[in-house]
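This report concerns the strand arrangement and the helix packing of the structure shown below.

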Amino acid sequence: MKYLIAGTGGVGGCIAAFLALTGKDVACIARGRHLDTIRGRGLCLHSDLKGEHILHVPACTAEEYRGKADVIFVCVKGYSIDSITDLIRRASKPETVVIPILNVYGTGPRIQRLVPGVTVLDGCIYIVGFVSGEGEVTQMGRVFRLVYGAHKGTQVPTDTLEAVRRDLQESGIKADLSDDIDRDTFVKWSFISAMAVTGAYYDVPMGEVQKPGKVRDTFIGLSRESAAVGRKMGIAVPDDLVDYNLRVIDKLDPHSTASMQKDMARGHESEVQGLLFDMIDTALAHGVDIPTYRMVAEKFNAMRGKP
């Protein structure tokens, strides 16, 4: 299986590094000095699960890539999806499967609309992974879980799905083939929305969310409200979604923060639209009251200069 990682940031870089460590055929799409360093020195991995490694993974820009891949993991931010559709078309062959690994719900169907001739699945990931320097990615904690699957009506050979799972698991990534990817991507959206928004609102690491108090209560409120949104949408949201989100947050490294929080602190473009305001818009469209989301939105609206 030939793997292409579109977006070698914290998530994509860790997937690429773990695959490369076990000899899988993987190439990366990156840009700027990050790309230059990977080309010159290799991809440097700092990992609580795998240790310290420098991996010589083939890397290039999206425009330079001329190969064909069996599996394309899309690991860019939600606001960059449109920029990689040409790459997906060029890198795909009839049996290629595309697996988006983004934080925003509905990514798979969105990409499928943009590249109708390609088989697009959907996926989500649980990891604390981030770019820690030029050509460097860091994976923190003991959690590295990837969930993927096909939406109803998308036909994919079972052998292909199982081959991907086997390769991921051999590489040390906990891989789960979903029987309801719509549910599972919504569950991830619920978690990462509550995690990122809480961390950014209070400007604290996850250790503060793990302690009893107002920070944790905000996380719980956001989780409860997103669960209500999902149920109103007709998604099979688990009854224990709030408890599930708490179990996940409590397993994270106490010093970790969400990528949205890191981006906002650096003044970079962030996923605040997809993780906060899209949830609010969805709730409004379905008539769900979300007082905790409305409370935190006041701060972020002020930062954007909106009432």
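Six strands build an open sheet with parallel pairing, in the order 5-2-1-6-7-8. Strands (E, at least two residues) and helices (H or I, at least four) are DSSP runs, numbered from the N terminus, and two strands pair if DSSP finds at least two bridges between them. The edges are formed by strand 5 (59-60) and strand 8 (119-120), each of which pairs on one side only. Strand 1 (residues 2-6) and strand 6 (residues 71-74) run parallel and are joined by four bridges. Leu4 stands opposite Ile72 of strand 6.

The model is predicted: local features need pLDDT of at least 70 and side-chain atom pairs count only at pLDDT 80 or more, while totals for chains, interfaces and linings use all residues. Residues are numbered from 1 along each chain as its sequence is written, and side-chain values use heavy atoms, with hydrogens and water left out.

Axes are lines fitted to C-alpha atoms, for helices over the stretch in contact, and angles run from 0 to 180 degrees between N-to-C directions.

| Helix pair | Axes come within | Crossing angle |
|---|---|---|
| Helix 6 (residues 181-202) and helix 8 (residues 214-232) | 9 Å | roughly 150° |
| Helix 11 (residues 272-285) and helix 12 (residues 291-303) | 10 Å | roughly 135° |
| Helix 6 and helix 12 | 10 Å | roughly 50° |

The axes of helix 6 and helix 8 cross at roughly 150°, which means that helix 6 is roughly antiparallel to helix 8. Angles over 145 degrees count as roughly antiparallel, under 35 as roughly parallel, 65 to 115 as roughly perpendicular and the rest as oblique. The crossing of helix 6 and helix 8 is right-handed; the near helix is then turned clockwise from the far one by less than a right angle, and anticlockwise in a left-handed crossing.

Helix 8 itself has 19 residues and reaches 27 Å from its first C-alpha to its last, close to the 27 Å expected at 1.5 Å a residue; the expected span is 1.5 Å times one less than the number of residues. Just after helix 8, Gly234 adopts a positive phi of about 90°.

Helix 11 and helix 12 are oblique to each other, and their crossing is left-handed. Val272, Leu275, Leu276, Phe277, Met279 and Ile280 of helix 11 meet Tyr293, Val296, Ala297, Phe300 and Asn301 of helix 12. By class, the residues of this contact are ten nonpolar, one polar and no charged.

The axes of helix 6 and helix 12 cross at roughly 50°, so helix 6 is oblique to helix 12. The crossing of helix 6 and helix 12 is left-handed. Contact residues include Ala194, Val197 and Tyr201 of helix 6 and Tyr293, Val296 and Lys299 of helix 12.

Key
Contact means heavy atoms within 4.5 Å. Ala, Val, Leu, Ile, Met, Phe, Trp, Tyr, Cys and Pro count as nonpolar, Asp, Glu, Lys and Arg as charged, and the others, Gly among them, as polar.
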